[in-house]
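Subject: Structure handover

Hello,

Here is the structure for you to look through. My notes on what was found in it come after.

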Amino acid sequence: MHSICCSDNDSHMQRTLTATEQWMYSGPFKFNFYASIVDGTTAVLSGVCTTTSRFKDKRSTHAVNQSFIDLLISLAGPCVLKYIGDVSNIPEDPVKRVNYVLKLYTNVLDFLAVQGALLAHVNPKFLLSFNDYLLYDNWSERNSAGAEPPSEMANTLQREKIPRELFQSRSMQCWLDVALQTFKILVLKRISVRDSEGKTVSPQNRSNSGTVTLEANTVSVLEYPINKTSFTGESKDTSRYTVEEIILLNWLQHHFNQQRSEEWMKDDKANMNPRQRMDVLQPRTISNFESDLSDSLVLIAVTAAHCPYLIRDHFKNIYIAPQNMEEIFHNGICLTAAWRRVRIGFMITAAQIVNPNCVQMVMLVTHLYSILPTLRPSKQLQFCCPLTETITRQITIRNASDFPVSYIVEFIGNEMNFFTALVQKSIVSINNHASGKLRIRYHARKIIETRAFLILCGSSVVPHFAQNHVFELEGCTSYLGITNNYDIEGILYKVCEETLNISVPFKEAAEYNISFSEEQPTVPASLKLSGWADLRNRKVPRRLFLNQKTIIAKENAYQAHLSMTVACIAPTKRSFWIVFESGIGDFIIQINSTSKKSTTDYVAVEWEREICVCTNLPQESSSSCPLNIEVAIPVRNVQLWKCIIEMFQKTLDSKECLFWSHHLDTDIGLRLIHWLMGDYNDSAAKEFMHIFNTSVVYDVTTTDDGNLIVPKKLAVQGFWSISFYLDIPSFSLKICPLNLGYSCIFADVRPRGTEINMSVHISETTPQFYETSIRLSSPDGMEHRSYKIDFLCKTPLPASIDLKTSNYRNRREK
């Protein structure tokens, strides 16, 4: 094929011999039989199997020893027997057997010569085993003297014509030449440019081994056409190589030129400065199969061009510009690991790539030229179902060949098992002219789209190979369902601590990050998430504050604990959608927060009993009536303010607490909170934005049964101009993002400790000690106040209504 370029001829010959044996084992013999040269190639036809393979054919009871004629059948098909002869009826007589086998070998050499092999120097007798050679040589001598060969010749022969060592050496060279010429004419010669110009490629002896058709809810597997490619450039030394080898070199050159400028080929390790442009793989001319391939970069490029799904796991850490042998060897390890992952079916180690043998590298590249196109994704399967649910699709595989085949089911990029093959074993076997079904289940664990690759490897399971098929699997979530609902009912403006036992839909142990969604999740495209790790630092009082950034679920626990602080800042019902995300999956829960009643403040009022002058009771009281009394209502909603302060403190770290301990409960504290909120307009801020209103008109209601007439509306106005001087230490100024200086003027909306009088009319028959409730509600429904008012009359009741008072007291005591 080309000249030998090794300084040590013996080492080169030994390595070539090993490479040829490995090629026969992994190629034509399909891992059935390792035919060592010479003993393995002569074992079967010599009648004594001196080498017995440890690999057994599980489909039959016979050992899997094979002859070189089986190798030719594997490469050229059964029709080769028409030229070689019948190997099924070998005579049992030793001499006749030797003559028969010698005739077979002669026919083999003639067949190969017709195909173009250069084997004129090979004498067929050196293809025999040494013992058969002695039988043949002794019979030839006697036959030339006119004697008949006795049948027991093998038992009486003692004389040796050629020493064993010399015969073994010649036989080894002859068998090596025959094997290499066979590879050249039956494998290498089939490489052509026409195959790379859009023609359908079917690997030899695999063209009928596996086809797939499309059925309802199934996916069709078809033969893969190689993309049309134009090869450019020529080898520097084309005289060394055949046309087919030049095609292989140009094929490598083409994909190397395409891949070297890809993003994944940038050398991250070489750039310590992130601002510096990352280096890319430098251009090179690929002119040989040894030194140009020894750093593995060219082979990595051509592998990645056909199997891009191997880049993330195997080619992200390669050395683009290796500086020493260790880095070169690292590249070789990454490459061979990737090949093992997809089972390319060729025996080679990283050391054999780093220190290449030219014959082995030609065999390797020839094999890659044939096998890599079958490992490119040929079909895309899409799975779509609601979050945490599953969907199953079915692939139907038809075997049109005359022999059974098997596929190894392998997933790549499926570390979290989002995709599962519903098979009992990882190998799917299909009888000849039969169909097999493979069901793939997708578990929608992630909100974002997931991707993996399914490889049906048909080139690994003996005794027959099928064409590989690769599917790109895409999984998406069609609807973001809620895993569980949790209802929390609390008292308005009262802060409480809660711990929920969250149901986790996955059995694997994981730590889940927490995010919030402002709106009920429906589809991933409209989902807007805010990470809780960022939200919790915003200086915004929240109705729901989580006391942890993540939750941890143990394996097979199916639950996790979530600690939270809940405060109903507003009386309206609020729903929160919390998204838990981890590598193994995502899920969403909904928390509903409601208030069952309001916190009540107490107000005491003293009054004097007078004569009522109203004429239109109970519809309306007279403004001049002496029974119109004033009830002092706090301007600030004290309970709401306490709730806001406590929830605001949840957002502070230890340094900020020092500053806010002095100013949070002051008039300026409210305004600082307003300033710190900035442009936040999420639902958490909207719940208490009403406290910044300059005035509020409340709707007034009472539980009184006729003794009290209250106004329908109550207007509470804020004070607009309050000046103060604030002396803040320097360390506090650094903590507080608002640089106040020493003199500030703020409009305090709800000054602390200020009251407003609400005029009510009380009946002259009201008992001396009387209690009732008044409720103030803002028109927007965002604020409720509840007051229990004790009316204490300084004037005793007249005797005529004393009995009524006594009954009232008894009713209260009960």
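**Helices and their ends**

At the start of helix α14, the backbone nitrogen of V359 has a side-chain oxygen of N357 within 3.1 Å. This counts as a polar contact (a pair of N or O atoms within 3.5 Å; within protein, one must be able to donate a hydrogen and the other to accept it, and residues adjacent in sequence count only if both atoms are side-chain atoms). Helices (H or I, at least four residues) and strands (E, at least two) are DSSP runs, numbered from the N terminus.

Please note that this is a predicted model, in which local features need pLDDT of at least 70 and side-chain atom pairs count only at pLDDT 80 or more, while totals for chains, interfaces and linings use all residues. Residues are numbered from 1 along each chain as its sequence is written, and side-chain values use heavy atoms, with hydrogens and water left out.

Helix α14 covers residues 358-371 and spans 20 Å from its first C-alpha to its last, close to the 20 Å expected at 1.5 Å a residue; the expected span is 1.5 Å times one less than the number of residues. Of its 14 residues, 13 are buried (buried means under 20% relative accessible area, exposed over 50%, partly exposed in between, with a 1.4 Å probe and protein chains only). T374 sits in the loop between α14 and β2 (379-385). T374 is buried too, at a relative accessible area of 6%, and a polar atom of its side chain lies 2.6 Å from the backbone oxygen of I371.

Helix α5 (residues 94-115) has 22 residues and reaches 31 Å, close to the 32 Å expected. D93 caps its N-terminal end, with a side-chain oxygen 3.2 Å from the backbone nitrogen of V95. Buried residues in α5 include V98, L102, Y105 and F111. Just after α5, G116 takes a positive phi of about 115 degrees.

**A sheet**

An open sheet of 3 strands runs in the order β20-β26-β22, with antiparallel pairing; two strands pair if DSSP finds at least two bridges between them. Its edge strands are β20 (628-634) and β22 (708-709), each pairing on one side only. Between β20 and β26 (residues 755-762) there are 7 bridges, and I629 stands opposite V760 in β26.

**Salt bridges**

There are 15 salt bridges in the structure (a side-chain nitrogen of Lys or Arg within 4 Å of a carboxyl oxygen of Asp or Glu). In one of them, R451 and E472 have their closest N and O atoms 3.1 Å apart. R451 lies in strand β8 (residues 450-457) and E472 in strand β9 (residues 469-477), so the pair ties together parts that are 21 residues apart in sequence. R451 is partly exposed, at 48% relative accessible area, whereas E472 is buried, at 15%.

E783 pairs with R785, the closest N and O atoms being 3.4 Å apart, and both E783 and R785 are buried. Salt bridges that share partners also join R312, D313, R341, R343, E410 and E415 into one network.

Regards
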